[in-house]
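Biologist: I'm new to this structure and would like to learn how to read it. Could you walk me through it?

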Amino acid sequence: MNFGIVVFPGSNCDRDCYYVIKEILNQPARFIWHQETDLNGIDCVILPGGFSYGDYLRAGAIARFSPVMSEVKEFADRGGLIVGICNGFQILTEAGLLPGALGRNKGLKFICRYVSLRVERNDTPFTTEYRRGDIIRMPIAHNEGNYYIDNPDKIRNQVVLRYYGENPNGAIDDIAGIVNERGNVFGLMPHPERCSEKILGSEDGLKIFKSIVRAL
Amino acid sequence: MRTREELERISMSLEEYELARSYLGREPNDLELGMIAVMWSEHCGYKHSKKILKLFPTSGENVLQGPGENAGIIRLDEELALAMKMESHNHPSAIEPYQGAATGVGGIVRDILAMGARPVALLDSLRFGTLDNPRTRYLFSGVVSGISGYGNCIGVPTIGGELAFEKPYTENPLVNVTCLGLLKGKPKSGKAEGTGNSLILVGASTGRDGIHGATFASLELTSSSIERRPAVQAGDPFMEKLLIEAVLEALEKSDAIIGVQDMGAAGITSSSVEMANRGGVGVEIEVTKVPQREKGMTPEEIMLSESQERMLLCVERGKEEGLRPIFEKWGLNFAIIGQVIPEKMVRIKENGNIVGEIPVDILTEMVPAYDLETKIPENLNRLQTVDSIPEIEDYGDVLLRLLNSPNCSTSKWVYEQYDHMVETNTVSIGTGASIIRVKGKKFLIGVTTDGEGRYCYLDPYIGGIMIVAESARNLICIGAEPLAITDGLNFGNPEDPEVAWYFVETVKGMSECARKLNIPVVGGNVSFYNESENYTVYPTPIVGMVGKIENLETLCTPQFKDEGDVIYILGEPGNLGGTLFIEELTGEAKGKPEIDLELEVKLQRLLLKAIREKLIKSAQDISRGGLAIALAECSIWGNMGIDISIESEKSPEEVLFGEAQPVVIITTDANRERYVEEYFKEVPIRKVGRVIKDRFKISFNRNSIVDLEISLLKNKWNSGIERWMI
């Protein structure tokens, strides 16, 4: 399983994802500079968190024009696995690879803390290591995580993670993570790479990476 | 000759101007005078503090770089070193809180970067007026947003800090930011060397922002200060993030970089002058080569601009083009703006014509250093006397009131707005000292910032000792051996003899304690003129301290663990002098704070050893709010209760709310009692009770004086700040 982690100017969770994949899971991984257009040999593309282009204009709005993104789209069309974490999720919605949009948090403040999540689907390549209905804890760290879509019913079956108990950002239907219809593109606001080691307080996130490894 | 008004505009006295003129041997032109004024400002020149700062102990076996560089550096092991530095951004934050605080973060991060270190953690010490004042809420929320907006974007976690709300800070909030960085190999230096080598400006373009910011920071704030808002710079964290990655990549891939220097206060002037001074050389700068974002800038504007996110590199001649692609990849300017010259001169050219020329020494070594005129404040005796202690009907109520004070309650409202987890190294925050791991290493790093202006206001020498001692104790309590200090000294106008006395005494106290505990000061910052028409800030030293924890197994945490664990108190609680209790209940800081430094040394040594031998299950020192608050915190964090009984000849308020140091609460397994008592026999130790479930029970001389639900304590502790801010 070869992971490719895209680095946009302003990405800041790229090295964190790399560490988990490389050092915790011992899987091959490489960084892909946003101007590269070669995804050869990559099995899973990760769009990491951060502030691509400083979140200027709108989170993810500029990054989607980066040269690598047209390749990422083709990669998705070919059925390749893509995970967008936090800013990566925002980029995926801006790029039209996932439905909906992410607006300002309802409290209009950046929030960094652990939240509880309910695993709604464990039949995606990203979540097979969980059981359906599992309540897990993962950290969020964002200013724009307020997921919105005109008709949430339309994507009811695409919801993978929901905020459980408290909805921190006002996301419609408590949506924290979704997949596309085909099920190979996954976007989530929480940061699984921040909770993949015991020393950091939780290993709940590691199962996402493990599920991906298992999927291939 | 210049008129007084002209000189006032650049915050220079007539005497200093005359002195500069005599050094130069001629009349300086506008550019030269502007450069001299900023380099001679308190902010850049440390002219009122230089002599006193020599009191600090600055050497130690692990010190790789003491004061004098962009940041201090200490050795962590054979391979790794840690860069650390604190800096204030008080004046800008007072008039433009968001940008003031944001650019404070940006500046300190570049100081760390200049040492060749990757910034890995930020901590913020903040002081404001009381939250019942709407302007305080505006400043507080603006500063926190500024730190959050900037720090989060650059991907450096903000893992700690501290916070206090007291009247003297109403018009002069304090914003002291500490940054830590990790580096392998030899630290970089901010020096220029080798005739003909290039000076390269990297990062953002230069505009008219922040001109004379350094001189502005060297003035008292007045009602017209708001007009100086243009002296506050605007930050672009995205640019900073690119700069971090580009500089680190350049340092990794190339050995052509001789020196790296942050460009902060006084812009190109101070960065080029400091680099020349460290290398014992001169520099020549061609201002037209500086990338500008505005048209028609004069040489003076270019040389004094404080536009953010810029750095200056000294690079071997002929190797410049090898570096260019790295900076261009990150979309940054890379402009050769000058070169090293052998004569120790700063020469400014515009289109090849010399427009200014000043010997480096005039701007550095010859900056006037003043002896401070000191005077013991007339009201000191009155301040140190507590005339009446309020009568207490219900100790539980007082405890709840203090827990609900923004000075004691959780600062969650603040730190949840900061990304404190990015980089995935954060092991623990929010309870005492913060802890980060270092990937690939067994050891962990503990870090804390502490300050208590109230103590120093009432007794600066004792206060100075207490701040350093408390910082070290906070590290000891998590099992960390203190390694080094960076400090931020925040005072009023040093030309006021009473302020000067406070400054000198505080530094003496801090130095004394640092010596006794054998912890070197590797750098810091002085901020004077924190006063306005109505208030002078408390003399407020902030200590940032780092320590090393051997491994995960010898890490200790403060929270109570298991039912039945035995609770001990080390040290002698008491003395209401200088306590939050007195300030909260009487509205005035009063009394004489107290510390037993000999006991402190002994206690810290024993405690660290006990923690490393895994003898105890929790440790928490008492500070603001006293024993009762510390016990409550351990209960809240551990979600456990206590049942303790104290026998004392002192009054219950002294024992519960006194802040005499050192006092530490430890717990241990019931079967280790005898061993623990024997272990700590050199210091006062008393067993007071046990950890229980749910309830918080204290009896004093066999009378129950507090009996509360843990959930109630939690509610009060959780809402102290939030009740004002939501």
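This is a predicted model: local features need pLDDT of at least 70, side-chain atom pairs count only at pLDDT 80 or more; totals for chains, interfaces and linings use all residues.

Biologist: How many helices and strands does chain B have?

Modeller: Helices (H or I, at least four residues) and strands (E, at least two) are DSSP runs, numbered from the N terminus. Chain B comes to 27 helices and 26 strands, and chain A has four helices and eleven strands.

Biologist: What radius of gyration does chain B have?

Modeller: That radius is taken over C-alpha atoms, and the globule rule is 2.2 Å times the number of residues to the power 0.38. For the 726 residues of chain B the rule gives a value near 27 Å, and the chain has 26 Å, so it agrees with a compact globule. Along the principal axes, the C-alpha atoms of chain B fill a box of roughly 85 × 55 × 45 Å, and the C-alpha trace of chain A spans about 40 × 35 × 30 Å.

Biologist: What share of chain B is buried?

Modeller: A residue is buried if 20 or more other C-beta atoms, placed from the backbone, lie within 10 Å of its own. By that count, 61% of the 726 residues of chain B are buried, and 55% of the 216 in chain A.

Biologist: Let's turn to sheets. In what order do the six strands of the open sheet in chain B come?

Modeller: Strands of a sheet pair through backbone hydrogen bonds, either parallel or antiparallel. Here, two strands pair if DSSP finds at least two bridges between them. The six-stranded open sheet of chain B reads β1-β2-β3-β6-β4-β5, with mixed pairing. Its edge strands, each pairing on one side only, are β1 (63-65) and β5 (158-165) of chain B. From one strand to the next the twist averages 20°. Inside the sheet, β4 (residues 118-128) and β6 (residues 174-184) of chain B are antiparallel over nine bridges, and L122(B) stands opposite C179(B) in β6(B).

Biologist: Which strands does helix α7 of chain B touch?

Modeller: Two residues are in contact if their C-beta atoms, placed from the backbone, lie within 7 Å. Axes are lines fitted to C-alpha atoms, for helices over the stretch in contact, and angles run from 0 to 180 degrees between N-to-C directions. Helix α7 (residues 97-114) of chain B touches β3 (80-88), β4 and β6 of chain B, and its direction makes about 25° with that of β6(B). Helix α8(B) lies across β4, β5 and β6 of chain B, running at about 180° to β4(B).

Biologist: Which residues have the most contacts inside the largest nonpolar core?

Modeller: In soluble globular proteins, nonpolar side chains tend to be buried together. A nonpolar core is a set of buried Ala, Val, Leu, Ile, Met, Phe, Trp, Tyr and Cys residues joined through C-beta atoms within 7 Å. The largest one has 302 residues, and L82(B) and V468(B) have the most contacts inside it. Leaving out residues up to four places away in sequence, L82(B) touches residues including L180(B), I445(B) and V546(B).

Biologist: I445(B) is in strand β16(B). How many residues of that strand are buried?

Modeller: Seven of the seven residues of β16 (residues 444-450) of chain B are buried, so the strand is largely enclosed by the rest of the structure. In a regular strand the side chains alternate between the two faces of the sheet. Both faces of β16(B) are covered, with L444(B), G446(B), T448(B) and D450(B) on one side and I445(B), V447(B) and T449(B) on the other. β16(B) pairs in the antiparallel sense with β19 (residues 540-549) of chain B over seven bridges, where V447(B) has V546(B) as its bridge partner.

Biologist: Finally, how many residues of chain B are in contact with chain A?

Modeller: There are 23 from chain B, in contact with 22 residues of chain A. On the chain B side, α8 (134-154) and α10 (237-253) each supply at least two residues, and α10(B) gives the most, with four.

Note on methods:
Residues are numbered from 1 along each chain as its sequence is written. Chains are lettered from A and ligands numbered from 1 in the order in which they are written. A residue is buried if 20 or more other C-beta atoms lie within 10 Å of its own, exposed if 12 or fewer, and partly exposed in between; C-beta atoms are placed from the backbone.
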